[in-house]
Amino acid sequence: LLTIVGRSAARASAAAARIAAAAPGAEVVQLVADLSSQADVRRLAGDILARHERIHVLANNAGAFFVERQLTADGLERTWALNHLSPFLLTTLLLDRLKASAPARVITTSSAAHRGAHIPWDDPGAERGYRGFARYGQSKLANILFTAELARRLGGTGVTANCFHPGLVATGFGMNNRGLAATALALVRPFARTPARGAETLVWLADAPEAGAHTGLYFVDRRPARPDAAALDPGAAARLWSESEAAVAAARRAG
């Protein structure tokens, strides 16, 4: 049984149709949520828990790149809210069910864009000098730090946590933007991987028996890879977890 999440019912139905065409007989549940919204993430988690007594794989794959700084309904900077706080909140809300379902796996899509990035501890909302790609890189670094701390906290539970870089993939990623960013993405698209190729490592991490032996790692093309030094700091990972807990709690109070 596969549950997918779309931003709209139409998008979710289209994805389910493609899955059914590729795997006749597959049972697909479609849920709708705007993952940049903390309220939607909480509602989604409730729906998942109500529908599924067991969760063996959680794939945190939603993400986006915004050239211009935007705020969500929660008052959070949108890149950070969608790319980091959303998987953080959804995973923590489902954590007890994942543990009860062990063996289970949490997989988060990161990116090589994390290289050279640093977490802006003194400016978490990116209020000063926002640059779209730099902010995206910060969120992808956060994905790796989140994975490392999650794996540490899950030690001995039978639940693993890993993340991966899918490569440059020919999807609609980034086309929500205009101007030079959209032009640049359109120009490199012919050289990008197919969506199926980009998903190979995610599918392997979710399904391969040998992948279950790994936790807390960053993968590229189904192999462990060494991320930047900033992603290997356990103190930063623990601090990010604490500050993320505070951020989602504050957003809930404000809502």
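Predicted model: local features only at pLDDT ≥ 70, side-chain atom pairs only at ≥ 80, totals over all residues.
Axes here are lines fitted to C-alpha atoms, for helices over the stretch in contact, and the angle between two of them runs from 0 to 180 degrees between N-to-C directions.

**First stop: α3 and α4**

Select residues 78-100, which form helix α3, together with residues 132-153, which form helix α4; the axes of the two come within 8 Å and cross at roughly 20 degrees. Because angles under 35 degrees count as roughly parallel, α3 is roughly parallel to α4. The crossing of α3 and α4 is right-handed.

**Second stop: α8 against α3**

The axes of α3 and α8 are 10 Å apart and the helices pack at an angle of about 90 degrees, so α3 and α8 are roughly perpendicular to each other. From α3, the contact is made by Trp80, His84, Leu85, Phe88, Leu89 and Thr92, while α8 brings Leu240, Trp241, Ser244, Glu245, Ala247 and Val248. By class, the contact of α3 with α8 has 8 nonpolar, 3 polar and 1 charged residues.

How far apart are the axes of α4 and α8, and at what angle do the helices pack? The axes of α4 and α8 are 8 Å apart, and the packing angle is about 95 degrees; α4 and α8 are therefore roughly perpendicular to each other. Ala142, Leu145, Phe146, Glu149, Leu150 and Arg153 in α4 meet a set in α8 made up of Ala236, Ala237, Ala238, Leu240 and Trp241. The residues of this contact of α4 with α8 comprise 9 nonpolar, no polar and 2 charged.

In soluble globular proteins, nonpolar side chains tend to be buried together. Here the largest nonpolar core has 48 residues, and Leu90, Leu94, Leu98 and Leu150 are those with the most contacts inside it.

Centre the view on Leu90 and look beyond its neighbours within four places in sequence: Leu90 is in contact with Val41, Leu44, Ala45, Ile48, Leu58 and Asn60. Another core, of 8 residues, lies apart from the largest one, and among its members are Phe164, Leu202, Ala211 and Phe219.

**Fifth stop: backbone details**

Most residues other than glycine have a negative phi, and most peptide bonds are trans. Select Ala102 and Pro103, which are joined by a cis peptide bond with omega at about 5 degrees; Pro103 belongs to the loop between α3 and β4.

Then move to the loop between β6 (218-220) and β7 (223-225), where Asp221 is placed. Asp221 is not a glycine, yet its phi is positive, at about 50 degrees, and the residue is partly exposed, with a relative accessible area of 31%. Arg222, in the loop between β6 and β7, also has a positive phi, near 65 degrees, although it is a residue other than glycine. Arg222 is partly exposed too, with a relative accessible area of 45%.

**Last stop: two distances to draw**

Select Gly63 in the loop between β3 (57-60) and α3; Gly63 is partly exposed, with a relative accessible area of 34%. A C-alpha to C-alpha line from Gly63 to Asp96 spans 24 Å, the two being 33 residues apart in sequence.

Finally, pick Ala196 in helix α6, residues 195-198. Is Ala196 buried or exposed? At 57% relative accessibility, Ala196 counts as exposed. Ala196 and Val169 lie 27 residues apart in sequence, with their C-alpha atoms 9.0 Å apart in space.

How values were computed:
Residues numbered from 1 in each chain as written. Heavy atoms only, no water. Helix = DSSP H or I, 4+ residues; strand = E, 2+ residues; numbered from the N terminus. Parallel < 35°, antiparallel > 145°, perpendicular 65-115°, else oblique. Left-handed = near helix turned anticlockwise from the far one by under 90°. Core = buried A, V, L, I, M, F, W, Y, C linked by side-chain atoms within 4.5 Å. Buried < 20%, exposed > 50% of the residue type's maximum accessible area, 1.4 Å probe, protein only. Contact = heavy atoms within 4.5 Å. Nonpolar A, V, L, I, M, F, W, Y, C, P; charged D, E, K, R; others polar.
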